[in-house]
Amino acid sequence: MGEEEGLHQTQLLDTMFVRGLKRKCFDGEEDIEGTLAGIKAIPSYNLQRQSLLDMSLVKLQLCHMLVEPNLCRSVLIANTVRQIQEEMTQDGTWQMINTQSTGQASLDRLVSTDILCRSSREQAEGKHVPGYTTYNKDFEGDQAQDSSETMSTASSVQVPRNLQSNVWEMENPQENKGNFQKSLDQIFETLENKSPNSVEDLFSEVDNSYYDLDTMLTGMMSNSKMGHCDGLETFSSPTATASNSNCKSDLNELDHIVEILVES
Amino acid sequence: MEEDVETRKISSSFLRDHSYATEADIISTVEFNHTGELLATGDKGGRVVIFQREQESKNQPHRRGEYNVYSTFQSHEPEFDYLKSLEIEEKINKIRWLPQQNAAYFLLSTNDKTVKLWKVSERDKRPEGYNLKDEDGRLRDPSMITMLRVPVLRPMDLMVEATPRRVFANAHTYHINSISVNSDYETYMSADDLRINLWNFEITNQSFNIVDIKPANMEELTEVITAAEFHPHHCNTFVYSSSKGTIRLCDMRTSALCDRHAKFFEEPEDPSNRSFFSEIISSISDVKFSHSGRYIMTRDYLTVKVWDLNMENRPIETYQVHDYLRSKLCSLYENDCIFDKFECVWNGSDSVIMTGSYNNFFRMFDRNTKRDVTLEASRENSKPRAILKPRKVCVGGKRRKDEISVDSLDFSKKILHTAWHPSENIIAVAATNNLYIFQDKVN
C-alpha cells in the first residue's frame, strides 16, 4: 500500500513534528541516546521544515494538474506553505536563499494563495502573478543548495527529496528544468501584456519539453488515483509512461491555451 | 445505549453487502429517513440504493426487522463542463430525506454541482383495458374498435420507482459539500466551499445566496466552508463550519446576506500543541445539531467536540478519536490522509455520539457515563449475529494479545460515513464499498 510505505518513509520526520516542539533542533536529541550516530540520524529542524515546504509545494503542483482541485485541501496546503515561509522569513533563512538567487525583497517571495489554490484554468484568467515564477527559482535554488546536504542526511529525509527531483528530472534534468520555467514565463508574459498574439505565435515560443512534462504528469494522475506517494513513485519510469500517456490530456492542455487566448 | 456501551452488548446482523470492490461502489453517504424505516446510501458511481426495514413478524420475534434493498436508481451521471474543460464527478456527496407527507418518499441527493429531488413511490396496481392501445402498448386500429370499456386497476407485483421531480442546477461554482432541509419543509440550503444558497423546493431556476465568503481578491483566500446545517426546530437559524476550525451560527432574520454571524464558536488554540499541522487538523469536517437543538457537534481530524449554543468560547465536551495519530501527522500529510473528512452522528436521545476512524474502526462515546468503545466493521473479524468485540489500539511498547499497534493500522480502510437510526439503537456503517448494519442485541 502506498500509504503504508509513506508512513514508514517519514517515520523519522514524524518524531520531529510531535506536538509543541517547534524548535526541536536540540530537543529531539533527548530522545536518542546521545551518541554521535544518533545526532547524525536526526535531520535538523531547518531541514525538516524545508522538506515539509518542498512536500507541500509538490502537492500543490500536483493539484494543479488534477482536473478539479479540491479547494479545501489546496487552501490548507497553501496556508501551511505560508506559515513555513513566514517563519523562515523571521528566521532569516528565507533572506539567505533570497540574496543567493535574485535579491528581491522577502515579502514578494511569499507565494500567493491565489496561485496555489486556483486550477491552472482559472490561473489563466487571473492577473499577473509574480509569485509563481519566483517560486520556481526558489525550488531550483533549494535543490542546488541542499543537494550536497542530501547525501549526509538520513534516508527518510532523502526519499522525499528524491521524489521531488524525479518530478522535474527527465533525461536532461538541468535543461528541462530551465525550459519548463522559460515556457511558463513566456505564457504568463503573454497573458500580462494581453496582446492579441495568434495561437501559432504562442506555440512557436513554447518549448516542447513543457508538453512532455505536463503530459507525463497528467498521464500519471489519470492512471493512478491512489495516494500521491504512488503517483510520485511512478515517475521513475518517465519514458515508458510518456508513451502510454493519454492523448486526451495533450488536447486538454492545448484547449487550455486556446481558451486563454480567446478570453484575453 | 449507555448500558450497551458499558456491557458491550452490541450485536451485528449483516445485510447483503456488495461482493465486488470496484471504485464506483465506494459508498459516499449514508442516511436514515425520519422514521428509520428507510436507509439510503449514495456511492461514487452516482447511484442511490435504498434499504427498507422488514416488518417485524410474529412468527419470528427474535428477528428484529432487517434491512433489504428497496430501490436502486442512478441519481447523477458524470458530466463535462465544456467551458472550463473539467469533469464533474457523479459521486453522491450527500443525501437528505424529506419528512414523509404522503405515501411517497422524497429525498434530496447531490453531487459536486447539482441537487436533485427524487420521489420514490410504490406501485402495486396497474390499469388494464385501455381502449386505444392493447395490453402490449401497441396502438389499436381505430376502425377495429367496436365498443368502449372502462379500464380497471388490477393488482401487480410491487414495483418501486424513483423519479426525479426537481433538478436544482447551475447555482454553485465550487463543490457542494452539504445540503440541509429546513424545518419549514419548504426550503433547503446547499453549501459549497465559498457560498451557501437557499432554495425553495418548488423553484428550480433561482436560489438565494445567504452566505458568501469569497474574497474580492482570490489571493486572499485562506478559509473555506466545510459543512452547514439548519437548526432542527428554528427555521431561521443555521450553522456552518470552516477549515480554520470555527463555527458560525447565523440568523436569516437579521439580513438577506448572512455574512455577519450571530454567534461565533472557536476554541482558543493550545500553544503547547502548536505545529505546522495545527491548522489542518483543526479543520472541521462535519457539523451536526443535536436532536434537541441545544448542542452542536463538530468533527476535526483528531477529535469530536460538543458545543453548547449558549457558550461560544469553548466546547463543553471534547473526545479524542485517535490521538495516537498525533505523532504521525507528517506521514498522514504526505499520503493525504490528513485531509480525510470524517462525519459524526448523534443517537436518537443525544446521549451517545459516534464517528469513524481508520482500519475500519469506529468509535462511540457515551456523554453521560464518559465511557467509549472502539468497534470494527469487517467481515473477517465478526460473524453475522455475533456480538462485536471491542478493539484497542496500543500506543506504547508492549502490545497485548488482541491489541493492534499504530503502525499496523490500515489507512486505506477508513470509515467516513455512519448513520444512527432516529429512535432505536441501529447503526449503519459504510466501510469503503461495504455497508454494515448493527443492531442492539434483544434482551
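Begin by selecting Ser272(B) and Asp270(B), whose side chains are joined by a polar contact of 3.0 Å (a pair of N or O atoms within 3.5 Å, where within protein one must be able to donate a hydrogen and the other to accept it, and residues adjacent in sequence count only if both atoms are side-chain atoms). This is a predicted model, in which local features need pLDDT of at least 70 and side-chain atom pairs count only at pLDDT 80 or more, while totals for chains, interfaces and linings use all residues. Residues are numbered from 1 along each chain as its sequence is written, chains are lettered from A in the order in which they are written, and side-chain values use heavy atoms, with hydrogens and water left out.

Stay with Ser272(B), which lies in the loop between β19 (263-265) and α2 (278-282) of chain B; helices (H or I, at least four residues) and strands (E, at least two) are DSSP runs, numbered from the N terminus.

Next, select Ala40(B), which is 232 residues from Ser272(B) in sequence and 43 Å away in space, C-alpha to C-alpha. Ala40(B), in β3(B), is the bridge partner of Glu31(B), and β3 (residues 38-43) pairs with β2(B) in the antiparallel sense over five bridges, where pairing requires that DSSP finds at least two bridges between two strands.

Now widen the selection to the open sheet of four strands in chain B, which has the order β2-β3-β4-β5 with antiparallel pairing. Here β2 (27-32) and β5 (67-74) of chain B stand at the edges, each with a single partner strand, so one side of each has no neighbour in the sheet.
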